[in-house]
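Open the model in your viewer and keep the sequence panel beside it. Each stop below names something to select and then says what is there.

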Amino acid sequence: MAVFTPVYAIWPVLAWPVPGAFFFVAALGWSVFLAVRAAKLIKFAGGVSNETNAYDARISKGMTIVSSIQGALIVTSVVVLALFGQYVWILPVVVLIVGLHFFPMPAIFGRTIDYYLGGFMLIIAGTGFYLASQSGIDWQVTSGVTGFGAALVTSAFGLYIVRAGNTALTRTVNCKLDSCPGRFVRV
């Protein structure tokens, strides 16, 4: 999410230069925070045994399938829309595809947050489609609104991932890393 948030957050700059730039800088700062937290979680998780099992293999297979389909759809859509000069539709279509990719996730990971994230992304995509269909609205506004909403959703998912990672490590890493027997480490 540290990568996707600024990719979406750059679009409001084109629609509203000053407020969009503030939003982009805030999103970039948030992304740096997410990246630093992820690096810390990965570092601390290195001390935890990493035994793979059938559950892990199922998740890996499911994510490979979903990511492959999503990537192929995004690349194909962007290329086709660009070839036909329909640039205004690109970001709403990408957000639609990303929104749809959340719906297989509950079956893969056994969590429900993906339904909410996917639902919000679909609402944002729908808003983008509506704006793109209006002849009096510039493409920058369509992309700005769509990018703003998508950046908020990816930011929320980033927060969820950091919290879930902290919770998982708190449960599994004992205090050997922090020299305090009997306690858990919070990273």
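Start by selecting helix α5. Ten of its twelve residues are buried, so the helix is largely enclosed by the rest of the structure. Bear in mind throughout that this is a predicted model.

To see the enclosed part, colour I90, L91, P92, V93, V94, V95, I97, V98, G99 and H101, which are the buried residues of α5. Now check the length of the helix, which covers residues 90–101. At 1.5 Å a residue, its twelve residues should span 16 Å, and the end C-alpha atoms are 17 Å apart, which agrees.

Next, select L100, which also belongs to helix α5. Is L100 buried or partly exposed? Its relative accessible area is 46%, so L100 counts as partly exposed.

**The nonpolar patch**

Which helix gives the most to the patch? That is helix α7, residues 113–133, with four residues.

**The salt bridge**

Select D114 and R111. These two residues form a salt bridge, with their closest N and O atoms 2.6 Å apart. Both D114 and R111 are buried. A search of the whole structure finds one salt bridge.

**Y8 and its surroundings**

Move to Y8, in helix α1, which covers residues 4–9. Y8 has a relative accessibility of 7%, so it counts as buried. Show the residues around it: leaving out those up to four places away in sequence, Y8 touches L91, V94, V95, V98, M121, G147, F148, A150, A151 and T154. Several of these have already been selected: L91, V94, V95 and V98 are among the buried residues of α5.

Now pick the C-alpha atoms of Y8 and A151. How far apart are they? The separation is 5.1 Å, although the two residues are 143 residues apart along the chain.

**T154**

T154 was in the list of residues that Y8 touches. Select T154 itself, in helix α8, residues 139–172. With a relative accessible area of 4%, T154 is buried; the cut-off for buried is under 20%. Not counting residues up to four places away in sequence, T154 touches M1, F4, T5 and Y8. With T5 there is also a polar contact between the two side chains, at 2.9 Å.

**Helix α3**

Select helix α3, residues 17–45. Its 29 residues should span 42 Å at 1.5 Å a residue; the end C-alpha atoms are 41 Å apart, which agrees. Colour G20, F23, F24, A27, S31, L34, R37 and L41 to show buried residues in this helix.

**The whole chain**

Finally, clear the selection and show everything. How many helices and strands are there? The chain has eight helices and zero strands, and along the sequence the pattern reads α-α-α-α-α-α-α-α. Of its 187 residues, 36% count as buried.

The chain exposes about 10900 Å², with carbon and sulfur atoms supplying 70% of that area. Among contacts with a separation of 6 or more, 65% are between residues 24 or more positions apart. The pair Y8 and A151, 143 residues apart along the chain, is one to look at again in this view.

Note on methods:
Residues are numbered from 1 along each chain as its sequence is written. This is a predicted model: local features need pLDDT of at least 70, side-chain atom pairs count only at pLDDT 80 or more; totals for chains, interfaces and linings use all residues. Side-chain values use heavy atoms; hydrogens and water are left out. Helices (H or I, at least four residues) and strands (E, at least two) are DSSP runs, numbered from the N terminus. The expected span of a helix is 1.5 Å times one less than its number of residues. Buried means under 20% relative accessible area, exposed over 50%, partly exposed in between (1.4 Å probe, protein chains only). A polar contact is a pair of N or O atoms within 3.5 Å; within protein, one must be able to donate a hydrogen and the other to accept it, and residues adjacent in sequence count only if both atoms are side-chain atoms. Contact means heavy atoms within 4.5 Å. A salt bridge is a side-chain nitrogen of Lys or Arg within 4 Å of a carboxyl oxygen of Asp or Glu. Accessible areas come from the Shrake-Rupley method with a 1.4 Å probe; for residues, only the protein chains shown count as cover.
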